[in-house]
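Work through the exercises below with the sequence and the 3D view open. Try each task before reading its solution.

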Amino acid sequence: MIPELSNGSVLMKDPQRVQEILQSMLKAGSNTLQVISDFDMTLTRFSYNGKRCPTCHNILDNSKTISNECRLKLDLRILSCLLQLDHLLETYYPIEIDTSRSVEEKLPLMVEWWTKAHDLLVEQKIKKDELAQAVRESDAMLREGYELFFDRLHEQSIPLLIFSAGIGDILEEVIRQANVFHPNVKVISNYMDFDEFGMLRAFKGELIHIYNKREGALFNTGHFKELRSKPNVLLMGDSLGDLDMADGVQDMKNILKIGYLNDKVEERKQSYLDSYDIVLVNDESLEIPNAVLHYLTSNK
Ligand SMILES: Nc1ccn([C@@H]2O[C@H](COP(=O)(O)O)[C@@H](O)[C@H]2O)c(=O)n1
């Protein structure tokens, strides 16, 4: 067994099954492996020094660049938008992680959250060239060990699909500024549509939220067809909706699912143990995915 799997933050319902999946994937070889990962709160930290870290959406909500400009212009309408975005987070995030509500009950409310937030962002007239500074000034942080994670996947030519219900333009900027946006990384997410003056006017394509990643995966069959020779999947997520991210994979042989349980641990522990092979509780690092990748690529 991988020694790191004995860490205190690691929970497994069936360690024997994890061992079998790992052995089967090792035998198949790392040239048959692809990684599919969620972004917010999976590749990025959930908290740092006791303070919540921002999601892609929050980076814009909290942006000093954007809000300072609004203040300078004394544009109260835009300032009120920023307050409304904060209010949306306070209203809808507790619903997202509420274990007493079913997915069916939450789904329309999640669509409502994403739609209202995107409408408010469009109202703010965000400029494309403000995004890099908003990310630079933000508290967004990739999890500890991210260089090793991204660099090893790149060196070993293992494709990494980042499948996010966040904002693709922001997510790309975060990994670009961290110097890990390597050519083996592909992103499926919500992308901004800018007008000819570089002003945000809409979001492109179908909305991706936390409960429709299956549709998103099936819509992107082209990507998965290209990876037909890679039927072994390491999946990483932080919500139960992330479990659908590999639904487009062609002729899957093995899948190892690693789930970060960041919040409401006691209420959600059992459902995570029932759904993910490895559950990482309050773990702000990529130590376990890195140990798994080290194991799977060690005999190449
Ligand atoms: N207006 C919004 C909508 C969603 N979020 C959070 O973003 C996360 C989605 O991104 P993934 O990379 O995890 O797919 C989701 O968990 C929401 O909490 C937000 O902050 N603001």
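Predicted model: local features only at pLDDT ≥ 70, side-chain atom pairs only at ≥ 80, totals over all residues.

**Exercise 1. Find the order of the strands in the open sheet, and state which strands stand at its edges.**

Solution. Step 1: The open sheet has 7 strands, and their order is S1-S11-S10-S9-S2-S5-S6. Step 2: Strand S1 (10-11) and strand S6 (185-190) each have a single partner strand, so one side of each is left without a neighbour in the sheet. These two strands stand at the edges.

**Exercise 2. Decide in which sense, parallel or antiparallel, S1 and S11, S10 and S11, and S2 and S5 pair.**

Solution. Step 1: Strands of a sheet pair through backbone hydrogen bonds, in either a parallel or an antiparallel sense. Step 2: S1 and S11 are antiparallel, over 2 bridges; here Val10 has Leu280 in S11 as its bridge partner. Step 3: S10 and S11 are parallel, over 4 bridges, and Ile258 is bridged to Ile278 in S11. Step 4: Strand S2 (residues 33-37) and strand S5 (residues 160-167) are also parallel, over 3 bridges. Val35 has Leu160 in S5 as its bridge partner. Step 5: The pairing in the sheet is therefore described as mixed.

**Exercise 3. Locate the helices that go with these strands.**

Solution. Step 1: Helix H1 (residues 15-28) lies across S2, S9, S10 and S11, at about 125° to S10. Step 2: Helix H8 (residues 168-177) lies across S5 and S6, at about 125° to S5. Step 3: Helix H11 (residues 265-275), together with S10 and S11, makes a right-handed β-α-β unit.

**Exercise 4. Is Ile162 buried or exposed?**

Solution. Step 1: Find Ile162 in strand S5. Step 2: Count the other C-beta atoms within 10 Å of Ile162; there are 24. Step 3: A residue with 20 or more counts as buried, so Ile162 is buried. Step 4: Leaving out residues up to four places away in sequence, Ile162 touches Ser37, Phe39, Leu43, Leu171, Val185 and Val187.

**Exercise 5. Describe the shell around the ligand: how many residues surround the ligand, and which element gives the most?**

Solution. Step 1: The ligand is surrounded by 19 residues, and the closest are Asp40, His57, Ala117, Ser164 and Ala165. Step 2: Helix H2 (56-61), helix H4 (76-96), helix H5 (103-123) and S5 each supply at least two residues of the shell. Step 3: H4 gives the most, with 4 residues. Step 4: By type, the shell divides into 10 nonpolar, 6 polar and 3 charged residues.

Conventions:
Residues numbered from 1 in each chain as written. Contact = placed C-beta atoms within 7 Å. Axes fitted to C-alpha atoms, helices over the stretch in contact; angles between N-to-C directions. Buried ≥ 20, exposed ≤ 12 C-beta atoms within 10 Å, placed from the backbone. Right-handed = clockwise from strand over helix to strand, strands pointing away. Near = placed C-beta within 6 Å. Nonpolar A, V, L, I, M, F, W, Y, C, P; charged D, E, K, R; others polar.
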